[in-house]
Each structure stands twice: as structure tokens, then as C-alpha cells.
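Subject: Structure for you to look at

Dear colleague,

Here is the structure I promised to pass on to you. Please open it next to this email, and read what follows with both in view.

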Amino acid sequence: YNTDRGWKISMIINNLKKTAFLLLICVALTGCQRKAGADINEKMDDYAESGLRGELNIPEKESFEFGETNGKKILLDTENILLPETDRMESIRYKEIQIDRDYKKKVAECIFDKDNEIYEYNGKLSKEMHDENICYYKKCEDIAKKQGDKDAVEAYREMAAEEEQKKTQAAPLHPAGEYESDSYIGYIDGKTFLLNFTESGDGFELKRYPEELTYDVIHADDITYAYCITEYGDGKEQELIQTNELNRAEISKEEAIKEAGDFWADIGIGNVMMAEAATAEWLCRDLALGQNEESVIYDGYYITFTDAVESNPAYLGFCDETNILSPIEGDQRSMTSQIYEVNINDNGIVGIVCRQKYQRSDSKQDQQVLMDWDKLLETVSLEFDNYSNDNISGDIIFNYARLTYCMTLQDNGEFVLSPVWVFLSLDEISLEYQIDAYPNEMLIIDACTGKFITICTF
């Protein structure tokens, strides 16, 4: 464990706590003086602003009461109104993806080594896979011996013997053939990986297999357990502790981003943009058994892509524990956008998470006419006249607004990546550092009509 890093983290946490305390004091001293209503906006200067802000008369800050629901007020009170770097916004039509044989074949052949066979996987290990497990347990046994842990030595010895027994009954894996299965075994740099297409039809995942062997895809000695804990949103926090300086990978961030982007393009996912490139953070242990201290190793990059229009990515936020006031297509799931994540280091691509339910249906992009800001607020206010939500337990103050894109279900049944206003309630620290991935409450509005719009979650 790097003591310098630990010192940096503790300093950052202390500074963040001080910042949050000062912010809370400011809110307490000034909050009671604020009044709801668009009339408190400061007048714009005499010159007209360029781009969308000037065209739609969008202020730098706003305080407006949308209305009440179940006796609770819904307000917008923010000095954070973010706009995309463009002077126009368009929409793109999508259709539900068909994960058929051709799709699986293309993905598998892009991922796995060309010189090795790709196999259908039915949950049973081949003799070669049992051999990998036996080598793994023997390595664990050797480490346990060095530690003088007799119980662990005996446990791993028994596991190796059990694998030897299973190996005698193992049958060869069947070649992928017509790609009629949901799971496949292949090789990357001589190591076995599992490619799994989920039954729900929204993408695929790639991981080292068996998972216990994941430790050998990173630069580390005398460990037998490694699990990548990086997820989208970690990049901002890593900037504060200069994680890149601790990265053991020799591949540069730029090279990793290009390789990941090329992979998505090769399998036909091209209309995407990188949302974040974070350092891959691995939680490691020398042994999975016993009271072994955990350590953290930084190796490679965890790169997240999302759908985009031109160079503007869709809004990407976690919504598992978020109170979403907008209607949702189907059940509420984890993310507000499709994501395409690649874990990559000096060994190449060592992990993939692809949550893709829709693909672009044609190449056409339709330019959209966005609603003027004041008219939009008035329309949203009317939407709340007949709105009810039993999950609202207190007043909601949206302190962050962003004009962006989101996958929506239109009244005609089409799925469209369309312009929306995202109103969020963020905690003070997230607001300070402009981290909008973890909102407490969320309202997504059609930027063209000002009305509630049905969103898709993934």
C-alpha cells in the first residue's frame, strides 16, 4: 500500500469536508433570502450571447417554482445551467437490437485470438481449464507455505486434488459452430476468457475465466486474487489523487482509448463517444483464504463510451437509488444511457461490459427546434398540475440543469436519442466538482416541447 497515496486521500477528504461545511453555512445564511419565480434572474447584459444560450435566452442562473405535488414543492434553484458545445441539436432514431448468430460471431471474432479456436460453453470445464485451476491452487499453496498458514495449505491441496479428479471426467469443448449459444470460451494472449451474451438481449460481457485467474492479467507478484472496482464516475475523483502517477501499465491513456474505440467500431458500434477514461483500480489479496490484508493496485484504464450525437454524449447517470420523476420505459434499471466499457492494459482488452439494447436504425439525423427557456419553464409547471408521485417525501430543489441527450420512447413507439433538459438534485460535493453521475432526484424534460418524456434505462 502506497503511504503517499494514503496521505493524499486523507488530505483530500479533509478538504472536501471543510468545503462541504462552508457551503452548508453559505446555504443557511442565504437560502432564506431566495424567492421562487423567474423574476429574480439578473438582467442579461446589453449584448446578445452567441450559441444556444443566446438563441434560447438561457440565463446563467435560475430560481423557479414548478408547482406542488402531494403537498410538496418542486423547485429549480441553480447557478449551474450547462449547455453542450454546439449551436444546434439533432435527434437519431434507434431500433431494438437483435442479438443473433451474426452479431455473436462478429463480436467473438473481434475479441478472441485469431489463431485459436472459439468454443461454445455449457458450464463445464475442459481438461485444459482444469489444468489452469490446478496450477492456480498450487500457486496458492506455495504462498500459504511461505506464510506458515497450515490450514490454507491443506485447503488448497485438497482443491487441487479435487480438480485432478474432475479433470479425468472432463470432455472437450465444442467449437462455436453456428453461434447458437449464449456463452463462449476463447483465448486472449493465450489466456481463457468467457464471453457471455445476456438472455435479456442487452449486450454482452467479457471476463477472465475461471474468475479466480483474473489476478494474472495485471502487473503484480505474489497475489492470487484481483477484482477491478473501477466504475464510471471514478475519473473525477482520481484526478484529485493523481492516480495516473500510480498506474503500472506501460500503455498510454491515448493508446488505450484508441484501441478501445477501434474495437467498438470493428463490431459495428460507431455512433459513440468516450465519456470517461479512468485508471483501472484493482482490489487485490495475496490469498483468497485466511485473514490476508487487501491492497490496491492501479493497472491499465477503464474506459466508458456512450451513445452520442456528433461530438455530444448522452447524459450518463446511475439511477438505482435515484428518485426519477419522469416516466420510464419498462422497469427502472441502473443507468440512464447505454454504456460500452472496456478494461484495457498491457495484456490488451481484459474486460468488457456492453449494455446495449438499441442500435441506430438509419443514418439520418433530424435537426430539432428547441423551446425558449421561459416558455419551457412555464410548460413544465403546467405538467405538474396533474402530477402525483408517492415517492416524494419532501420538497425537491433541483440545483443543477443540463441540456443534453437521452434515449427516449416517443408517442409513436419509436426509440429516439433526443435533446432533453436534465434537472438534478445533487449533494454539495457533487455540485462543487460538477459530478452529475449520482443524483438524488432527477427530472428529464423534452427540450423541444417542455413536456415529460418517457426515458429508457439500462
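A residue is called buried when its relative accessible area is under 20%, exposed when that area is over 50%, and partly exposed in between, with a 1.4 Å probe and protein chains only. Please keep in mind that this is a predicted model, in which local features need pLDDT of at least 70 and side-chain atom pairs count only at pLDDT 80 or more, while totals for chains, interfaces and linings use all residues. Residues are numbered from 1 along each chain as its sequence is written, and side-chain values use heavy atoms, with hydrogens and water left out.

I began with helix α7, which covers residues 253-266; helices (H or I, at least four residues) and strands (E, at least two) are DSSP runs, numbered from the N terminus. The buried residues of this helix are A256, A260, F263 and W264. Seen down the axis of α7, they fall within an arc of 95° (taken from the directions from the helix axis to the C-beta atoms), so they line one face of the helix. In general, an α-helix has 3.6 residues a turn, so residues three or four places apart point the same way. On the other side of α7, the exposed residues are E254, K258 and D266. The cover over the buried residues of α7 includes α3 (101-111), β9 (204-208) and β16 (339-345), where contact means heavy atoms within 4.5 Å. After α7 comes G268, with a positive phi near 95°.

Leaving aside residues up to four places away in sequence, F204 touches, among others, Y103, I111, F263 and W264.

β1 and β2 (residues 72-78) pair in the antiparallel sense over 7 bridges, and the bridge partner of E68 in β2 is K73.

Best wishes

Notes:
Two strands pair if DSSP finds at least two bridges between them. The expected span of a helix is 1.5 Å times one less than its number of residues.
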